[in-house]
Amino acid sequence: MIVMPQPDEAVLARRGEIVAALRQFVPGEGVIDAEIGRRAFECDALTAYRQLPMVVVLPETTAQVVDVLRYCAANRIKVVPRGAGTSLSGGALPLADAVLLGMGKFKRIHEIDVANRCAVVQPGVTNLAVTQAAQAYGLYYAPDPSSQIACTIGGNVAENSGGVHCLKYGLTTNNVIGVELVTMEGEIVRLGGKHFDAGGYDLLGVVVGSEGMLGVVTEATVRLLPTPPGARALLIGFSTIEGAADCVAEIIGAGIVPGGMEMMDRLAIQAAEDFVHAGYPLDVDALLIVELDGCGAEVDHLISAVESIAGKHGATTCRASQSEAERLLFWAGRKAAFPAVGRISPDYLCMDGTIPRKRIGEVLLRIKQMEGQYGLRCANVFHAGDGNLHPLILYDANEPGELDRAEQFGQDILRLCVEVGGVLTGEHGVGVEKRDLMGAMFNETDLNQQQRLKCAFDTEGLLNPGKVFPQLCRCAELGRMHVHGGKLRFPDLPRF
Ligand SMILES: Cc1cc2nc3c(=O)[nH]c(=O)nc-3n(C[C@H](O)[C@H](O)[C@H](O)COP(=O)(O)OP(=O)(O)OC[C@H]3O[C@@H](n4cnc5c(N)ncnc54)[C@H](O)[C@@H]3O)c2cc1C
């Protein structure tokens with residue numbers, strides 16, 4: 001069970017005064033004070049955790065964001081930024097004594113710049129809307145999270161989101177070339193832009209993936225790519241998970257970089273097929289969807305190369321899409337796999353660990369064994385080409401103890417990912433979900449260094465606290481905080 005920092009009673013006592021002050025910066029319906037309105041923001045997609053925010057503020061302009069942050073910094077009020085609230089790691093989970101800063105009204109696409117192959121957008125624009133706006137020019141935005149109809153560019157930047165096509169075209173960090181952000185003190189900072197590499201430290205790289213803890217993104221410049229001239233997808237079924245996993249490793253080893261290479265296990269295949277009727281084979285233990293893109297001859301050549309590798313690894317079925325409609329149908333099942341699993345279980349936890357590709361088969365078998373140990377089912381549907389696992393642990397929150405068991409199961413999976421040389425997250429972020437596991441991957445020195453970086457942007461630790469770091473530190477005290485003789489220094493600091 002994850003414990004959040006204790007609310008600051010002094011801030012809560014000033015709630016009325018704080019709401020009145022915020023209304024001066026953001027007029028009308030931009031400040032939501034009534035409980036019924038705040039309820040809508042009480043959780044993100046990590047629905048096991050809920051917290052009513054102190055107040056919700058929905059600014060529409062960068063000047064309003066500046067005013068709100070300046071006021072909050074001066075009055076030591078915490079702020080939790082939020083996009084569409086689809087985070088699976090609890091990154092946008094509100095705090096009882098914090099302002100929830102919803103960026104959903106920032107939804108203008110400022111510019112599609114064809115000559116520079118980029119788009120300048122506000123952070124509340126949905127991921128899919130960028131591609132839709134660019135399509136008329138033969139361009140698209142490559143990172144495509146399965147949540148792309150809802151999730152926002154601001155959330156994508158904060159989580160360094162990925163998607164099925166990131167194997168070949170890179171994650172958000174490879175496709176965002178500039179941001180404007182407002183620091184907790186209300187300073188507007190511009191990093192990167194339409195030009196290639198800026199001099200100095202790669203601060204843009206620091207901001208992408210910083211989980212709303214360094215600043216509030218108010219604009220992003222994203223790379224647009226030409227839509228590939230052609231693409232075909234292969235559905236390849238295997239009677240064993242190891243066969244599919246070895247096939248993935250050999251495809252990459254052969255120097256082929258598919259546009260996407262996803263794997264689903266039996267439970268995920270069944271759930272997706274029942275939901276979407278994508279034509280998936282139901283008599284296999286593992287299914288690969290491999291997309292090859294490029295010009296016609298190149299695609300045909302790669303299709304036969306992948307088919308022959310699949311044959312060597314015991315593929316029992318292999319079907320190539322014969323039309324664009326069929327290719328999209330193959331992907332529709334994969335893209336709807338999370339909601340499809342939601343239909344077969346009252347609740348599920350979606351894990352997100354990344355491992356070296358060669359270890360996929362072995363790790364999936366260990367997860368199967370853990371299913372027996374915890375008495376819970378687990379469906380696997382994931383970015384196999386990147387080694388980015390998404391085990392979905394099925395549970396029923398109404399059954400006493402099941403959430404705890406599911407969380408322990410998830411933690412064991414993530415520890416296993418680190419044990420085999422992987423990392424705790426591939427694309428969903430640490431948030432609150434993996435916060436207490438950070439020690440499995442980083443030592444105290446590593447974590448202190450990371451917190452020093454946060455301090456450089458947010459000295460008082462007011463922006464999205466309680467996420468990512470297992471222990472809060474004050475900037476001045478970093479590096480000098482250890483337990484000595486059973487006593488912690490600075491006992492007034494919140495620890496959870
Ligand atoms: C069904 C489903 C499928 C998913 N599939 C994928 C997938 O394939 N790949 C993937 O990577 N993720 C996936 N996700 C996770 C999620 O959609 C992404 O993490 C997404 O980027 C979150 O965007 P959001 O707008 O909902 O952000 P939120 O959930 O609102 O916030 C996420 C984080 O971003 C911060 N934030 C939001 N806006 C700003 C801003 N303007 N400035 C600073 N910080 C900000 C928040 O503080 C929080 O830490 C999926 C989620 C669901 C529910």
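User: Which residues does S87 touch, leaving out those up to four places away in sequence?
Analyst: In this predicted model, S87 touches D44, A45, L46, A92, G155, E159, G429 and G431, not counting residues up to four places away in sequence.

User: And where is S87 found?
Analyst: S87 is found in the loop between β3 and β4, the latter being residues 98–102.

User: Is S87 buried or exposed?
Analyst: S87 counts as buried because 29 other C-beta atoms lie within 10 Å, and the cut-off for that class is 20 or more.

User: Switching to the ligand, how many residues surround it, and which are the closest?
Analyst: The ligand is surrounded by 36 residues, and the closest of them are G83, G91, G154, G155 and G212. G155 is also one of the residues that S87 touches.

User: Which elements give two or more residues to that shell?
Analyst: Those elements are β3 (78–82), α6 (153–159) and β10 (216–223), and α6 gives the most, with five residues.

User: What does the shell look like by class?
Analyst: The shell around the ligand has 14 nonpolar residues, 17 polar ones and five that are charged.

User: What is the phi of R117, and which loop holds it?
Analyst: R117 is not a glycine either, yet its phi is positive, at about 45°, and its place is in the loop between β5 (109–113) and β6 (118–121).

User: Why does R117 count as partly exposed?
Analyst: R117 has 16 C-beta neighbours inside 10 Å, so it counts as partly exposed; that class lies between the limits of 12 or fewer for exposed and 20 or more for buried.

User: On to the largest nonpolar core, how many residues does it have, and which have the most contacts inside it?
Analyst: The core has 139 residues, and those with the most contacts inside it are V99, V222, V248, L288 and I393. Helix α10 (residues 241–253) provides the largest share of this core, with seven residues.

User: Where is V248 found, and what does it touch beyond four places in sequence?
Analyst: V248 is found in helix α10 and, beyond four places in sequence, touches M261, M263, L288, R357, I360, A384 and G385. V248 counts as buried because it has 26 C-beta neighbours inside 10 Å. The C-alpha atoms of V248 and M263, 15 residues apart along the chain, are separated by 9.0 Å.

User: And V99, what is that in contact with?
Analyst: Once neighbours within four places in sequence are left aside, V99 is in contact with M54, V55, V57, V68, C72, I77 and V79.

User: Last topic, at what angle do α11 and α13 pack?
Analyst: Helix α11 (residues 266–276) and helix α13 (residues 324–335) pack at an angle of about 120°, with axes 8 Å apart, and their crossing is right-handed.

User: Which residues meet there?
Analyst: A272, E273 and V276 in α11 meet A332, G333 and R334 in α13. By class, the residues of this contact divide into three nonpolar, one polar and two charged.

Technical notes
Residues are numbered from 1 along each chain as its sequence is written. This is a predicted model: local features need pLDDT of at least 70, side-chain atom pairs count only at pLDDT 80 or more; totals for chains, interfaces and linings use all residues. Axes are lines fitted to C-alpha atoms, for helices over the stretch in contact, and angles run from 0 to 180 degrees between N-to-C directions. Helices (H or I, at least four residues) and strands (E, at least two) are DSSP runs, numbered from the N terminus. A crossing is left-handed if the near helix is turned anticlockwise from the far one by less than a right angle, and right-handed if clockwise. Two residues are in contact if their C-beta atoms, placed from the backbone, lie within 7 Å. Ala, Val, Leu, Ile, Met, Phe, Trp, Tyr, Cys and Pro count as nonpolar, Asp, Glu, Lys and Arg as charged, and the others, Gly among them, as polar. A nonpolar core is a set of buried Ala, Val, Leu, Ile, Met, Phe, Trp, Tyr and Cys residues joined through C-beta atoms within 7 Å. A residue is near a molecule or strand if its C-beta atom, placed from the backbone, lies within 6 Å of it.
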